[in-house]
Structures are given as C-alpha cells and as structure tokens.
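Please look over the model below. The report after it begins with a single residue and then widens to the chain.

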Amino acid sequence: MNEKSAMIKDALILFVITVVAGLLLGVVYDVTKEPIAQQKAKAKQEACANVFAAATAFETVTDPSGAVVSDNIDGVDIDEVMRAIGSDGSLVGYVITVTDHEGYGGDIQFSMGVTLDGTLNGISLLSISETAGLGMKAGDVLVPQFADKNVEQFTYTKSGAVSDSEIDAISGATITTNAVVNGVNAGLVYFRDVLLVSDSL
C-alpha cells in the first residue's frame, strides 16, 4: 500500500469515526433533552415557591410579540419575570429572575419575590460560584437578610445593620455582597418602574 492510499484510508476511518460520534451525540441529546427541560422547569417552580409561598401558580410574563420579558438595568440582567397568582386567581406579585455579572467568581443568578405593595418576600439563589468559605456563604448570610423587607433600595454595611435597608456584608467577601445587593436593587427598580407601570395601564 502506497503512502497516498494509506492517507485516504486514514481519512476515511477518521470520517467514519466523526460521523458515528456525531450520531451518538445526537442520540444522547435527544434522550436527555426532555429530562433536562423537566428538571429546569421543576427547579424554576421550586425557586418561585421559595420566594412566593402565598402564590398557588406562576405565569411567565411575555411582551406583545410573545417573547419572554427581559431587560438590563445598570449591568444587571432581568432574565425572566413570572406573575405570582393567588388562590382566588388574582395577581399578588411577581417573581423576578436576576443575573448580576459582578460576582467575584462570575455570574450570580437568583429569583426574588415581590408583592404588589413592594415587599420583598426574599431571594433564592439559582447559580453562584464564589470562593468556598467566603462568597459561597451568601446563601446562609445574605439570603435571610432580604426576607420580608419593604424598602426602596438596599445598601450593605460592615459595621452591623441598623435599619431594614441595610444588609450585613459577608466578612471577607465584599464583592459577592455588593453583587447580590446590586442585583436585588435592580430587580426592585424593574418592579417599580416597569411591572407596576405596565399593570396600571
């Protein structure tokens, strides 16, 4: 077998391996696509329930074109908005999914529940990859501090919170604290300036 024939044979073998691998990946994708989608939907419903226990159903807010409502406020992405529906079928508030890009380890995504009077029920972390032992304490240290607060905006402090609008920073993780606080504030701005305005029209 000459060198040219050997190269053609090797190329054909490589081509066959690539085609088979592509087909196998396609099969794996088809098999796992539905379970992954179901898991994401379940996680979304659980996050909504965590921040809006009084609601019995959640409906995705869309714009007139049918697209899911999203926006960007001061570098914070408003990824999704869900209407929180009470047992009588009335609107009781919103669940807003927010991504702040200024975390120490990257994006921090969470859902926040806001009642129609502006009370923040709380937040539920969806994705965070901060430093272990520092920023990863956000779930234990920061999340509980936002529950049941009705303020226009939050600030963080390193010297002990003295009002509802102040959040105690995580020791040694100011960047993480700042990212979460900014994300919550962006969500509150979106609630007041966009959602309340659109529902009053």
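## Thr119 and its surroundings

Leaving out residues up to four places away in sequence, Thr119 touches Gly113, Val114, Asp148, Lys149 and Asn150. Contact here means heavy atoms within 4.5 Å. The structure is a predicted model, in which local features need pLDDT of at least 70, side-chain atom pairs count only at pLDDT 80 or more, and totals for chains, interfaces and linings use all residues. Residues are numbered from 1 along each chain as its sequence is written, and side-chain values use heavy atoms, with hydrogens and water left out.

Thr119 sits in the loop between β5 (106-115) and β6 (120-127). Helices (H or I, at least four residues) and strands (E, at least two) are DSSP runs, numbered from the N terminus. Is Thr119 buried or exposed? Thr119 counts as buried, because its relative accessibility is 16%. The classes are buried under 20% relative accessible area, exposed over 50% and partly exposed in between (1.4 Å probe, protein chains only).

The side chain of Thr119 also makes a polar contact of 3.2 Å with the side chain of Asn150. A polar contact is a pair of N or O atoms within 3.5 Å; within protein, one must be able to donate a hydrogen and the other to accept it, and residues adjacent in sequence count only if both atoms are side-chain atoms.

## Asp148

Asp148 is one of the residues that Thr119 touches. Asp148 lies in the loop between α2 (138-141) and β7 (155-157). With a relative accessible area of 59%, Asp148 is exposed. Its phi is near 60°, a positive value in a residue other than glycine.

His101 belongs to strand β4 (residues 91-103). Its relative accessibility is 36%, so His101 counts as partly exposed.

Which residues does His101 contact, leaving aside neighbours within four places in sequence? They are Gly75, Asp77, Gly106 and Asp107. The side chain of His101 makes a polar contact with the side chain of Asp77 at 2.7 Å. Another polar contact, of 2.8 Å, joins the side chains of His101 and Asp107. Lys44 is 57 residues from His101 in sequence and 20 Å from it in space, C-alpha to C-alpha.

## Asn185 in helix α3

Helix α3 (residues 174-200) holds Asn185. Asn185 is buried, with a relative accessible area of 12%. Neighbours within four places in sequence aside, Asn185 is in contact with Gln153 and Phe154.

## The chain as a whole

The chain has three helices and eight strands. From the N terminus on, its elements run α-β-β-β-β-β-β-α-β-β-α. The radius of gyration is 23 Å, well over the 17 Å that the globule rule gives for 201 residues, so the chain is more spread out than a compact globule. That radius is taken over C-alpha atoms, and the rule is 2.2 Å times the number of residues to the power 0.38. Along its principal axes, the C-alpha trace spans about 85 × 45 × 25 Å.

Of the 201 residues, 34% are buried. Among contacts between residues at least 6 apart in sequence, 50% join residues at least 24 apart. The side chains include 11 positive and 26 negative ones, and the centres of the two sets lie 10 Å apart. Lys and Arg count as positive and Asp and Glu as negative, while His and the chain ends are not counted. Each charge is placed at NZ of Lys, CZ of Arg, CG of Asp or CD of Glu.
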